[in-house]
Amino acid sequence: MIRKFLRGLIPVIILAILLVLQSSFFKLFTFIPTGPNLLIVVVTGTGFIRGARGGLLIGLAAGLLLDLQYGTNFGLYGLVYMHIGYFSGLMNRIFVKDNLLMLMSMTAVSDIAYNVIIYLFSFLFRQRFSFFNYLFYTMLPEVLLTLLVTLIIYKPLLSLNLRLDASRLRTETKKGEDRFV
């Protein structure tokens with residue numbers, strides 16, 4: 001019971017730490033117009049590792065954390081990240097988890113989709129039509145920085161998820177042995 005609780009709590013703690021890093025530490029670099037989207041990396045990576053359900057749940061948690069911090073339209077980030085996690089989780093059955101090229105392409109597509117949706121709901125509805133300005137000064141630098149961070153974050157995320165899965169399997173095996181004794 002405690003292990004199951006910790007298994008669900010560890011990703012939320014990681015999301016909170018990365019949200020703090022994303023919103024404070026990377027803002028210190030003033031020579032970069034925008035910072036990497038760390039939460040996209042974790043949501044896409046978790047969906048890729050754990051499947052559609054795991055990606056959906058982590059995406060919802062990440063989006064709600066963002067909504068609590070930045071949310072002018074509460075629930076928007078939750079819905080966007082939830083869908084990103086779900087769709088990247090659909091790739092779980094098709095591709096091998098060690099396929100870094102596929103993960104990076106999914107992260108790039110997810111980050112672009114996230115930025116386009118945020119542009120539509122945050123800028124376009126308020127009649128700010130400078131899409132190319134947003135594209136060149138916000139979207140593309142963020143996507144490139146996010147891909148760079150993906151190279152750094154994904155391997156530790158994969159090993160942590162494999163460790164959590166191994167502990168879950170050991171616990172289930174022990175419970176199964178106790179039933180038949």
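Tutor: A residue is called buried under 20% relative accessible area, exposed over 50% and partly exposed in between (1.4 Å probe, protein chains only). The model is predicted, so local features need pLDDT of at least 70 and side-chain atom pairs count only at pLDDT 80 or more, while totals for chains, interfaces and linings use all residues. Residues are numbered from 1 along each chain as its sequence is written, and side-chain values use heavy atoms, with hydrogens and water left out.

Student: What percentage of the residues in the protein chain is buried?
Tutor: The protein chain has six helices and zero strands (DSSP runs of H or I with at least four residues, or of E with at least two, numbered from the N terminus), in the pattern α-α-α-α-α-α. Of the 181 residues in this chain, the buried share is 41%.

Student: How are the rings of tyrosine 119 and phenylalanine 131 arranged?
Tutor: The structure holds six aromatic pairs (ring centres of Phe, Tyr or the six-membered ring of Trp within 6.5 Å; planes under 30 degrees apart are stacked, over 60 edge-to-face, the rest tilted). In the pair asked about, the ring centres of tyrosine 119 and phenylalanine 131 lie 5.1 Å apart and the planes meet at 70°, so the arrangement is edge-to-face.

Student: Which helices hold tyrosine 119 and phenylalanine 131?
Tutor: Tyrosine 119 is buried, with a relative accessible area of 5%, whereas phenylalanine 131 is partly exposed, at 27%. Both residues belong to one aromatic cluster together with Phe132 and Tyr134. The pair links distant parts of the chain, 12 residues apart, with tyrosine 119 in helix α5 (residues 100-122) and phenylalanine 131 in helix α6 (residues 131-180).

Student: Which residues does threonine 46 contact, leaving aside its neighbours within four places in sequence?
Tutor: Threonine 46 lies in helix α2, which spans residues 38-50, and it is buried, with a relative accessible area of 5%. Taking contact as heavy atoms within 4.5 Å, and leaving aside neighbours within four places in sequence, the partners of threonine 46 are Gly51, Gly54, Ile58 and Leu157.

Student: How far apart in space are isoleucine 10 and asparagine 161, C-alpha to C-alpha?
Tutor: Isoleucine 10 lies in helix α1 (residues 2-25) and is partly exposed, with a relative accessible area of 27%. Not counting residues up to four places away in sequence, isoleucine 10 touches Leu160 and Leu164. Isoleucine 10 and asparagine 161 are 151 residues apart in sequence, yet their C-alpha to C-alpha separation in space is 10.0 Å.
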